[in-house]
Each structure stands twice: as C-alpha cells, then as structure tokens.
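Welcome! Please take a moment to look over the sequence and the 3D structure, and then we can walk through a helix and some salt bridges together.

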Amino acid sequence: LQLMDDASMLELVRLVGDRWGAPDILVNNAGVYPRGLMLDIPLGEWDRIMGVNLRAPFVLTREMARLMIARGTKGSVVNISSGAARRMRNGSAPYCISKTALDRLTKGMALELAEHGIRVNTVEPGFAPGSKVNPLSDAYVAKMARGIPLQRTSGPADAPEAVLFLCSDQASFVTGATLSVDGGNSVGTFEPGPLKDDDLRRPAR
C-alpha cells in the first residue's frame, strides 16, 4: 500500500470490498515525523507529511465508509494522532499541523457518518521509546519519563487497548472523541517530587 498513491489506496479498498464486502474496523495508523524548520522544509516534503498524515486517512476513511454504508455495516474508524495535535513543537511544526488537522477530520467525519451508525474517534498515544528507526538514549528516555505524571513511558499494549475499546460495543455511544493514552502527559507540565510539610501548610492564594 502506497499512501501517496491514490490508485494504490483505491486498490486496497477494492480488494476489501471483493473479499469481505465492507470492513467493520478501519485504523489509520501510518504517519511520518520528519524534523525541520518551516523556513527550510522543501515543498515536496510538506506535501509528503500532509499526504501521509492527513490526506491518506481522509481517502481511506471516505472509501471504506462508502463500503460500510452500501452494506449497512455499523463500523468504527480510529485515527492515530499525537499530543502534537494540541501542542506545537519547534522543528516539528508541519507534523503538529497535520495532526491538528487530523483531529478536525475525525470530528467532521464523525458528524457526517453518525447517521449511518459509523463511529470515528482518535487515539493519542503517549511517549513510546524503542523505535529502531529513531533510537533514543537511555538518558533521554529517563528524562522524558520523569515528566509524565504516571512516571513511565507508553508500553506496547497501551494504545492498542484504547483502540480495541473504541472499536468495541463498550464504546457504542462514543464518536468524535479523542482518547489520550499518555499517562497524563497532555494534562500539563509535571514536576516530580514529594510535597514537604511546609507546602501542605501554605495557604492557598
């Protein structure tokens, strides 16, 4: 599957339609995360980021939803986003922009597909080290973990369990929602350390 190639995506939709009629679940999980300043990024790279992170989920959701509607399938779509959708990062602005737009796409599709019983939601995974493509030092991982309220990084089951929940009957009344699975990292800045007695006695202001 080539996410920058319409013919490749439409061929996947055709294969799904021929084999199963319609999918029950679609998870748009692919994404690219190049770094670079917006003043320096080549236009082709901008198009690639938006193409993979935003346009492909739109095309696949639209086409798979058409199959679901034709078959009367009450399906579920889950888009994999990031906390970057709500917080800009220096050197990663195009990625952040694409994920913010993906959030809007989720809500727009949720509104339009609700009458057909098709739910569309977003999962925002937390910081998950271990990528072979972008290896991180132990010191960097430890530093990041200290800033997460639940004091650990995301494990291999955290985001998938959230996806399974949103696709299940337990979430049958949930659509257009964003589920952050990040240990509280999106809540705000966390400074670990026990409270001192003086802190507890200090009057609120």
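Which strands do the buried residues of α5 pack against? They pack against β1 (25-28), β2 (76-80), β3 (119-125) and β4 (178-181), where contact means heavy atoms within 4.5 Å. Helices (H or I, at least four residues) and strands (E, at least two) are DSSP runs, numbered from the N terminus.

Before going further, a word on the model: it is predicted, so local features need pLDDT of at least 70 and side-chain atom pairs count only at pLDDT 80 or more, while totals for chains, interfaces and linings use all residues. Residues are numbered from 1 along each chain as its sequence is written, and side-chain values use heavy atoms, with hydrogens and water left out.

**The buried face of α5**

Helix α5 covers residues 158-167, and its buried residues are Ala159, Ala162, Val163, Leu166 and Cys167. Buried means under 20% relative accessible area, exposed means over 50%, and partly exposed lies in between (1.4 Å probe, protein chains only). Looking down the axis of α5, you would find these buried residues within an arc of 135 degrees, so they line one face of the helix. The arc is taken from the directions from the helix axis to the C-beta atoms.

**Salt bridges**

How many salt bridges are there? The count comes to 10, a salt bridge being a side-chain nitrogen of Lys or Arg within 4 Å of a carboxyl oxygen of Asp or Glu. Here are some of them:

| Pair | Closest N to O |
|---|---|
| Asp6 and Arg55 | 2.6 Å |
| Arg104 and Asp103 | 3.0 Å |

Take the salt bridge between Asp6 and Arg55. Asp6 belongs to helix α1 (residues 6-20) and Arg55 to helix α2 (residues 43-71), so this pair ties together parts that are 49 residues apart in sequence. Asp6 is partly exposed, at 32% relative accessibility, and Arg55 is partly exposed too, at 44%.

Glu45 and Arg48, in contrast, both sit in helix α2, 3 residues apart, which is about one turn of the helix. An α-helix has 3.6 residues a turn, so residues three or four places apart point the same way. Glu45 is partly exposed with a relative accessible area of 22%, and Arg48 is partly exposed with 31%.

In the salt bridge of Arg104 with Asp103, Arg104 is exposed at 54% relative accessible area, whereas Asp103 is buried at 14%. Elsewhere, salt bridges that share partners join Glu11, Arg14 and Asp18 into one network.
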